[in-house]
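The sequence and structure come before the text.

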Amino acid sequence: MIPQDALKTMKGLSDHGFQAYLVGGCVRDLLLGRPPSDWDVTTDALPSQVMSIFPQAVPTGLKYGTVTVPGQTGIEVTTFRQEGPYLDRRRPENVTFSKSLQDDVARRDFTVNGLAMDATGKVHDFVEGLKDLHSRTIRAIGDPHERFREDALRLMRAARLACQLDFSVEPQTLAGIAANASLIQYVAIERVRDELLKILLSDRPSKGMRLLHETGLLAYIMPELQRCAGFEQDSKYHDKDVFEHALATADQVPAMTTVRLAALMHDIAKPLTYIKGSQEGESHFYGHDKKSAEIAGDVLTRLRLDGKTVATVTVLIREHMSRFARPGKGLVGVKRLINRVGVDSLAGLFELQEADIRASRPPYDFSMLERLKDAVDTVLCDKQPRTVKDLAIGGSDLIEWGMKPGPEIGRMLDKMTDLVMRDPSMNSEEALKAFFERQGILPKNPRA
């Protein structure tokens with residue numbers, strides 16, 4: 001399972017008298033039968049010596065002893081090292097190159113990432129990583145507090161690995177995360193975001209999100225979601241608090257960034273919109289869909305998600321209650337929904353709505369959602385007009401009929417669009433001209 005690029009790199013180093021081992025996540029994943037996402041080699045050769053052996057190598061991190069040997073996969077080669085203090089809570093101020101594999105392993109984050117493998121497949125384990133791999137445990141190498149104070153991103157990485165691998169976090173390591181949770185503030189928000197998205201795109205995002213909540217990390221990353229934990233909904237339709245309902249919803253939607261984010265935050269405004277009902281009545285969350293979309297937009301902007309993702313997530317959240325809306329004459333409400341959501345995002349909206357139902361109290365009622373899907377199918381399959389582009393006429397026709405160029409043209413086209421959405425039979429040049437004439441805009445004596 002080791003790619004030829006990695007074997008060739010290791011052989012090149014050993015042919016010149018140097019040690020060479022695969023190390024870190026690729027070894028862990030190989031032993032778990034998972035396809036590694038990248039390949040790291042560690043060696044006692046200095047960066048200059050590595051570049052002498054591989055002239056095409058690129059100095060991608062000389063300060064830390066790393067060069068990249070290009071190829072089909074791209075192999076990062078790093079010299080054995082010991083590390084100086086981590087003054088910025090992220091990277092060491094300096095490194096000291098070593099001749100010992102054991103020294104190099106000792107400075108790594110978790111035991112399952114501290115395994116090394118030589119070219120024959122033999123595993124070298126100085127930190128009981130194999131034991132933890134077998135027991136499916138995430139354990140810090142050495143003192144957890146030291147490991148997390150060195151590099152605060154490891155706080156998130158522990159939760160992410162536990163989530164992706166379906167491992168548990170060893171109690172002392174878990175306590176170390178909780179004790180040092182505030183240090184996550186020193187990490188670049190983009191790095192935090194990337195770890196958060198990896199948690200969300202795992203097979204069971206709820207596991208990672210609960211770890212973030214239980215260790216206090218969520219309060220620093222997404223306090224708006226943290227306040228949903230323990231907030232009961234006081235409703236016959238729900239058997240979970242707002243936070244647990246959100247996690248259950250996220251677990252049940254496809255592993256797509258926009259849909260998972262929307263599922264996680266679709267009810268994030270409920271604590272702010274809660275109106276307690278009477279003793280016998282239901283409590284309410286009027287407008288929570290729109291307010292949740294607004295809060296989600298702020299959260300995603302703070303996490304520096306791209307504009308397209310922010311726009312898609314917020315519209316999914318804003319429309320997640322749309323299955324309760326009435327379609328109106330000529331399915332006009334459905335057409336407006338399609339316009340607001342966009343055809344490409346409709347499938348994601350339906351996935352979110354179905355998961356929202358499944359995450360609520362049974363029995364599950366999908367009847368309104370199915371009616372909405374059928375109505376959308378009718379509009380799209382029949383190619384019913386729903387936008388200005390679908391009109392049988394355009395702005396040039398209005399000018400020919402006597403309107404002056406300007407914003408009134410756009411307003412008239414919008415009126416006509418609303419007309420044909422309600423009654424598709426009106427979408428002809430003759431019918432639209434008759435409608436135009438009834439507005440009193442056509443001159444009484446138009447030119448021939």
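## Burial and pairing

Of the nine residues in helix H14 (residues 257-265), eight are buried, so the helix counts as mostly covered, where buried means under 20% relative accessible area with a 1.4 Å probe and protein chains only. The buried residues of H14 are Thr258, Val259, Arg260, Leu261, Ala262, Ala263, Leu264 and Met265. Helices are DSSP runs of H or I with at least four residues, strands are runs of E with at least two, and both are numbered from the N terminus.

The model is predicted: local features need pLDDT of at least 70, side-chain atom pairs count only at pLDDT 80 or more, and totals for chains, interfaces and linings use all residues. Residues are numbered from 1 along each chain as its sequence is written, and side-chain values use heavy atoms, without hydrogens and water.

Thr9 lies in helix H1 (residues 4-15). Thr9 counts as buried because its relative accessibility is 2%. Beyond its neighbours within four places in sequence, Thr9 has contacts (heavy atoms within 4.5 Å) with Phe54, Val69, Ile75 and Val77.

In a regular strand the side chains alternate between the two faces of the sheet. Strand E1 (residues 20-23) is covered on both faces, with Ala20 and Leu22 buried on one side and Tyr21 and Val23 buried on the other.

Key: Buried < 20%, exposed > 50% of the residue type's maximum accessible area, 1.4 Å probe, protein only.
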